[in-house]
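User: Can you walk me through the ligand site in this one?

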Amino acid sequence: MYKPVTTLTDFVLEEERKSKDATGDFTMLITHIENAVKIIASHVRMSGLVDIMGATGNKNAFGEDVQKLDEFANKLLVDNLRKSGHVYAVISEEMEKPAYAKEGQRGAYIVYIDPLDGSSNIDTNCPTGTIFSIYKTDGDNLLQKGSRQVAAGYAIYGSSVMLVYSAGNGVNGFTLDPNIGSFLLSHPDIKIPQKMKSYSINEAYESLYDEGLKSYLAYVRQTGGYTSRYVGSGVADAHRTLVKGGIFLYPANKKHKEGKLRLMLEVNPLAYLAEQAGGVAVSLNKTSPLTIMPTKIHQRAPFVMGSHEEVDLFLKYA
Ligand code: AHM
Ligand code: MG
């Protein structure tokens with residue numbers, strides 16, 4: 001039976017039409033990300049079959065050079081975005097320095113990407129993802145507060161491939177239909193459930209956490225009714241929190257004094273999505289990471305996101 005579907009392109013075009021200075025550039029930019037994500041997804045799916053996880057320079061079974069999947073994802077995204085004509089610069093977790101578009105190909109956007117988040121999970125078939133965060137150019141300045149993101153999202157390579165995205169009007173999730181090769185709107189207007197007694201943190205670092213966090217953990221373990229979930233792949237832990245609720249924490253610890261996750265590449269896009277989905281995100285000084293003025297592109301920051309009730313409870317102890 002015929003049922004109308006909304007593709008990601010339909011959706012982004014429709015959103016862009018509502019803006020009075022729409023040029024179509026933004027839709028094209030998202031389309032470039034979408035196309036790269038589909039290629040990365042197909043490689044992730046095949047990663048158990050070919051020796052794609054070997055070190056760079058290795059040969060696979062066909063005698064071809066293979067790259068680590070995170071390097072492959074990085075090159076694909078950076079090259080495609082730089083050549084798209086829509087970006088001024090791409091900043092990637094995999095590269096120390098920004099990649100600027102050539103003169104004559106420069107566009108209006110700055111894109112931050114984590115090409116393959118959680119890539120250490122690939123060889124055990126756990127979900128990985130691609131995170132993106134988009135800003136408008138501001139002269140030569142690449143550093144802007146997260147509150148100035150014009151859009152952010154991620155692709156998750158899990159039991160199905162999804163692209164979850166917000167351009168400031170809520171969060172929508174699209175699932176890749178492998179039969180037609182299109183992302184279809186499957187999770188409209190995602191809202192973080194406000195009641196969910198689930199916490200997600202690397203508990204093995206407990207001895208490195210501060211006293212407030214230790215007492216919070218003691219409370220959630222003793223109070224009953226809580227469940228613990230931790231994949232160790234940021235996109236997967238954030239995605240579960242967005243869809244099911246609860247709290248995801250990657251706090252600072254004695255070893256990672258600034259936290260581990262990168263402010264511009266991981267924390268801000270995930271915080272933006274959490275807030276757009278009616279949840280909450282906190283970082284330094286118990287305030288939203290989106291208010292932090294970054295000083296370097298690879299800056300790290302503590303990160304907590306989730307349902308209001310759960311984050312409020314954590315803040316009582318923090
Ligand atoms: P990476 O940038 O080295 O891939 O690290 C980021 C990942 C996140 O996906 C995840 O949330 C976190 O590291 C897990 O770290 P840990 O193993 O310390 O719990
Ligand atoms: Mg990462």
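Predicted model: local features only at pLDDT ≥ 70, side-chain atom pairs only at ≥ 80, totals over all residues.

User: How many residues surround ligand 1?

Analyst: The count is 13, and the closest are Asn202, Tyr205, Tyr230, Gly234 and Tyr250. A residue counts if one of its heavy atoms lies within 4 Å of the ligand.

User: Which atom of glycine 234 is 2.6 Å from an oxygen atom of ligand 1?

Analyst: A polar backbone atom of glycine 234. With tyrosine 205, a side-chain N or O atom is 2.5 Å from a ligand 1 oxygen. Glutamate 93 has a polar side-chain atom 2.8 Å from an oxygen of ligand 1.

User: How much of ligand 1 does the protein bury?

Analyst: The protein buries 78% of the 480 Å² that ligand 1 exposes when taken alone; the areas are Shrake-Rupley values with a 1.4 Å probe.

User: Switching topic, what domains does the chain have?

Analyst: The assignment, automatic or from a database, gives domain 1 (8-189) and domain 2 (198-317). Their contact (heavy atoms within 4.5 Å) takes 42 residues from domain 1 and 28 residues from domain 2.

User: And which domains does the shell around ligand 1 draw on?

Analyst: Domain 1 and domain 2 each supply at least three residues to that shell.

Notes:
Residues numbered from 1 in each chain as written. Chains lettered and ligands numbered in written order. Heavy atoms only, no water. Polar contact = N/O pair within 3.5 Å; in protein donor to acceptor, adjacent residues only side chain to side chain.
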